Amino acid sequence: MANSGGLPSYGAVSHRSSARSGYNNNPDEIQLRIDPMNADLDEEVNGLRSKISLLKNVAQEIGDEARYQNDLISQLQMTVIKAQAGVKNNMRWINKKIIQNGSNHVFHVLLFVLLCFFVVYFLSKFSRR
């Protein structure tokens with residue numbers, strides 16, 4: 001049996017609220033009345049049960065993956081916090097050494113740059129011959 005929409009028809013599906021005792025007065029409640037004459041309802045129910053169990057397994061796997069990802073993020077956050085503390089301590093140490101030794105570090109950097117420049121210059125000059 002198929003209705004005009006191409007879907008099987010098992011009876012009447014109505015969106016209604018009931019004022020009788022034992023029923024919700026929720027207008028969004030769906031009440032399904034199924035014609036018991038159709039024999040393939042058991043197959044439909046079993047098919048729906050298997051699909052529900054598959055969805056349950058997928059939901060459990062998603063939950064497991066979410067917990068794993070949260071643990072990984074927590075570990076990464078701890079690693080970043082430790083790295084930040086290490087960098088902060090090293091910067092403090094470097095600043096202390098600069099203050100103790102004076103500001104000769106700029107002079108040393110300039111000497112290093114000049115040395116690198118002359119090495120590249122002489123290598124390029126001798127490689128042309």
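How many helices and how many strands make up the secondary structure of this chain? Good morning, colleagues. Before I answer, please note that the model shown above is a predicted one. The chain has 2 helices and 2 strands. Followed along the sequence, these elements come in the pattern β-β-α-α.

Let me turn to the chain as a whole. The chain has 129 residues, and 5% of them are buried. Its accessible surface amounts to about 11,900 Å², and carbon and sulfur atoms account for 62% of that area. As for contacts between residues at least 6 apart in sequence, 21% of them link residues at least 24 apart.

I now come to charge on the surface, beginning with the negative side. Which residues gather in a patch of negative charge? They are D40, D42, E43 and E44. Of these I take E43 as an example. E43 is located in helix α1. Its relative accessibility is 60%, and E43 therefore counts as exposed, since the cut-off for that class is over 50%.

Is R92 exposed or partly exposed? With a relative accessibility of 47%, R92 counts as partly exposed, because that class lies between the 20% limit for buried residues and the 50% limit for exposed ones.

Thank you for your attention.

Terms used:
Residues numbered from 1 in each chain as written. Predicted model: local features only at pLDDT ≥ 70, side-chain atom pairs only at ≥ 80, totals over all residues. Heavy atoms only, no water. Buried < 20%, exposed > 50% of the residue type's maximum accessible area, 1.4 Å probe, protein only. Patch = residues over 30% accessible without salt bridge, like charges linked within 9 Å, V, L, I, M, F, W, Y side chains within 5 Å. Areas by Shrake-Rupley, 256 points an atom, 1.4 Å probe, with all protein chains shown as cover. Salt bridge = Lys/Arg side-chain N within 4 Å of Asp/Glu carboxyl O. Lys, Arg positive; Asp, Glu negative; His and termini not counted. Charge placed at Lys NZ, Arg CZ, Asp CG, Glu CD. Helix = DSSP H or I, 4+ residues; strand = E, 2+ residues; numbered from the N terminus. Contact = heavy atoms within 4.5 Å.
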